[in-house]
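Hi,

Here is the structure I promised to pass on.

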Amino acid sequence: MRKFVALLAMLFLTACGHTIAEMANIPVIDPHNSTAVLEHTEIDYDKHENVTTINGPIIFADQNVFGHMYSLRTWKKGKSVKDFDRIQLYVVASLDDWSFLDSAYSNGKKLDLVKISRDVGACSSYDGCSVRETVGINLTKGKVNELAKGYTNYEVKIIGQKGSIVITVPATYFEGVLQAQNIF
């Protein structure tokens, strides 16, 4: 009976999470659908900084709007959407306690990680506080092109002093974001 109640609660929270996302006008995108990824990828040119950015849609890991999130962002000087200077997998980890995320690995190789922010979310006397740690994983253009043409998921383990998370990004997500470079 407890398992059934827990399952119902989990389904309710997931449905509630999707509703909350919809009310906030945040689309819940399937990262396995490259067309949907492309449709929700944004291109922006900032004339003040002379920088063009392409931001892939925010993906809720495991379709859980209360869990970890990721997106791919690229930027370059000038108006062109080709040949970006920087590409970064942007990850927001939703945690029950601080992990102090500070390194990342994929297939036995250490990745270039940038710590972006650490924030405290909601707190309660029963559960403590929820925290969000945000990191960026810098990727080369060659690596992103390789991932977009691949048939497997790209798994990244992000490790901290007190915990770790694993983010899985399908090739179709990279493909959808890169297709935005071919629009112009």
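**What sits over helix α3**

The buried residues of α3 are covered by, among others, strands β4 (69-77), β5 (86-95), β8 (128-139) and β9 (154-160), along with helix α4 (171-179). Keep in mind that this is a predicted model.

So which residues of α3 are buried? The helix runs over residues 141-149, and Val144, Leu147 and Ala148 are the buried ones. They span an arc of only 100 degrees around the axis, so they sit on the same side of α3. Glu146 and Lys149 are on the other side of that helix, and these two are exposed.

Now the wider picture. The protein has 4 helices and 10 strands. Going along the sequence, the order is α-α-β-β-β-β-β-β-β-β-α-β-β-α. Of its 184 residues, 38% are buried. If you take the contacts with a separation of 6 or more, 59% of them join residues 24 or more positions apart. The accessible surface is about 11100 Å², with carbon and sulfur atoms contributing 54%.

Is Ser103 buried or exposed? Its relative accessible area is 10%, and the cut-off for buried is under 20%, so Ser103 counts as buried. Leaving aside residues up to four places away in sequence, Ser103 touches Lys110, Leu113, Lys157, Ile158 and Ile159.

Cheers

Note on methods: Residues numbered from 1 in each chain as written. Predicted model: local features only at pLDDT ≥ 70, side-chain atom pairs only at ≥ 80, totals over all residues. Heavy atoms only, no water. Buried < 20%, exposed > 50% of the residue type's maximum accessible area, 1.4 Å probe, protein only. Contact = heavy atoms within 4.5 Å. Areas by Shrake-Rupley, 256 points an atom, 1.4 Å probe, with all protein chains shown as cover. Arc of directions from axis to C-beta.
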